[in-house]
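Please prepare a briefing on the architecture of the protein shown here.

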Amino acid sequence: MNKHLQLYGQSLSLLTDLYQLTMAYGYWKSGTAEKESVFNLFFRKNPFGGGYTVAAGLEQAIDFIENFRFSEEDTAYLRTLTGSDGQPLFEAAFLDYLQELRFTGEVDAIPEGTVVFPQEPLLRVRGPILQCQILETPLLNLINFQSLIATKAARIKQVTKGEPVLEFGLRRAQGMDGGVTASRAAYIGGADATSNVLAGRLFGIPVKGTHAHSWVMSFDSEEEAFETYAEVLPNNCIFLVDTFDTLEGVKKAIETGKKLEAKGYKLGGIRLDSGDLAYFSIEARKLLDAAGFKDAAIVASNDLDENIIQSLKDQGATINVWGVGTKLVTAYDQPALGGVYKLAAMRNDKDDEWEYKIKLSEQTIKISTPGIQQVRRYRNANGFIADMIYNTEGFQKKEEEIMIDPMDYTKRRKLDNATPHEDLLVPVFREGKLVYNLPEIQDVKKRVEDQLSGFHESIRRFVNPHLYPVGLEKGLYDFKTDLILKLRKFNGK
């Protein structure tokens, strides 16, 4: 049963940019606050130069929306803000309005653990424009970061080829919340355990760890340090062997392992944290095997990422457990996903026709797509074959769909609707009420594995990955093109 711990259960509505509140005030003051609107949250490029992204952060976004409210303390602070004339920035009546404000709209989202691609809406938020606007910054904050870290973890797990990955990054994470949510996202993406005890309690993630160099240094000898640790925690013995001389440390760990064995326990393994990891792992494996410890693990850490791990494997390293810290929780070497949240449709009330909105740019990639969007994923016996983005309003299913790449109109694909397919966005909130059953974190993790296995291996490669086909349904593509030409006042002459 999912505990739904509501990590963001307290009043966090000031976790936003000031311009969200000034726009909200503008909507309220101008009488447009209740206009129905639709916003789509999406990103423009896969991170790390890769071919895919893992969606994550939805559970925390749900927590935030469920507990969305402005406390008296929040509005008391807002009363202190002033404009350039020194006068209050917001009217008292608006701040009273904020205290009564609750989310009453709809949210549809792609479930966590789903593999997603650029231009696809991860969330679709529909409701009064003032409410939808205020949610922009926190939703981007919650979805962008965890999706980035989950993707990094999936890449690392991919290269270890099933060998355990331990997330060790808390001390290097971007603050407390960055550390906690990074541990969660890393576990979803592929890490098998974390050193972060708080994340373990909050999310039910397995926690792992033994000792640091300071433990060894606090004793008169390495032998004494290992033996004392073995006496205290005989069921948790992986010894860090590189405090002084790595291979000598391995030999001393072996001697302690023999004493453990005599008492009915076993040597879990050794950890290498510096130096030539390939060389030391190979030599350590020889020593361990010769001493009869063929099952003892060799754990490696030291600023690892997917590229370094691949290099170590290419060198014949005998590491079989990977401790990844800094470069995982900080998403080295891409600090942000770059997700955006764009207005796509508006109307005065539910009986009116939708007025579709589009953001233009000289850069094609930055032109938004109008409409109340949904993503339809097609698959055949070999796996997933294409994703089509369509406008749910007025969409009529045909025997055959044509989808067009929004970045290159010459790239078109025909899709037979007899081909198995599913719509990825599912209902999460209706009339402000949660209607979505949150999965267990282990189920989200399993979804990542299942999703990745459904894509051709060329999508998953690190260098020049194949571009998975994603496009706009032809009707939506044509409508978007016409709207662009209209706004640019192109008259066909």
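C132 is buried, with a relative accessible area of 0%, and C237 likewise counts as buried at 3%; buried means under 20% relative accessible area, exposed over 50% and partly exposed in between, with a 1.4 Å probe and protein chains only. A search of the whole structure finds zero disulfides, a disulfide being a pair of cysteine sulfur atoms within 2.5 Å. The model is predicted: local features need pLDDT of at least 70, side-chain atom pairs count only at pLDDT 80 or more, and totals for chains, interfaces and linings use all residues. Residues are numbered from 1 along each chain as its sequence is written, and side-chain values use heavy atoms, with hydrogens and water left out.

**Overall architecture**

- The protein contains 17 helices and 21 strands; these are DSSP runs numbered from the N terminus, with helices being H or I of at least four residues and strands E of at least two.
- Along the principal axes, the C-alpha atoms fill a box of roughly 80 × 55 × 40 Å.
- Of the 493 residues of the protein, 53% count as buried.
- Among contacts with a separation of 6 or more, 74% are accounted for by residues 24 or more positions apart; contact means heavy atoms within 4.5 Å.

- Seven strands form an open sheet with antiparallel pairing, in the order 13-12-1-5-3-19-20; two strands pair if DSSP finds at least two bridges between them.
- Strand 13 (355-356) and strand 20 (433-434) stand at the edges, and each has a single partner strand, so one side of each is left without a neighbour in the sheet.
- Two bridges link strand 12 (residues 340-347) to strand 13 in the antiparallel sense, and M346 stands opposite E355 in strand 13.
- Helix 6 (residues 136-160) lies across strand 1 (36-42), strand 5 (123-128) and strand 12, and runs at about 140° to strand 12; axes are lines fitted to C-alpha atoms, for helices over the stretch in contact, and angles run from 0 to 180 degrees between N-to-C directions.

- Strand 6 (residues 165-167) and strand 11 (residues 321-324) run parallel and are joined by three bridges, with L166 opposite G323 in strand 11.

**Hairpin**

- Strand 16 and strand 17 form a hairpin with two residues between them.
- Six bridges join strand 16 (residues 400-405) to strand 17 (residues 408-416) in antiparallel fashion, and I402 stands opposite K414 in strand 17.

**Helix packing**

- The axes of helix 11 (residues 246-262) and helix 12 (residues 277-290) come within 10 Å and cross at roughly 30°.
- That angle makes helix 11 roughly parallel to helix 12; angles under 35 degrees count as roughly parallel, over 145 as roughly antiparallel, 65 to 115 as roughly perpendicular and the rest as oblique.
- The crossing of helix 11 and helix 12 is right-handed; a crossing is right-handed if the near helix is turned clockwise from the far one by less than a right angle, and left-handed if anticlockwise.
- T246, L247, V250, K251 and I254 in helix 11 are in contact with Y279, F280, E283, A284, L287 and L288 in helix 12.

**Backbone features in loops**

- The peptide bond from Y332 to D333 is cis, with omega near 5°, and D333 is placed in the loop between helix 14 (326-329) and strand 12.
- F48, a residue other than glycine, has a positive phi near 65°; F48 lies in the loop between strand 1 and strand 2 (53-54) and counts as buried at 11% relative accessibility.
- N464 also has a positive phi in a residue other than glycine, near 45°; N464 lies in the loop between helix 16 (457-460) and strand 21 (470-473) and counts as exposed at 60% relative accessibility.

**Surroundings of K445**

- K445 is found in helix 15 (residues 441-453) and counts as buried at 10% relative accessibility.
- Leaving aside neighbours within four places in sequence, K445 is in contact with Y187, I188, G190, A191 and D192.
- K445 and S147 are 298 residues apart in sequence and 13 Å apart in space, C-alpha to C-alpha.
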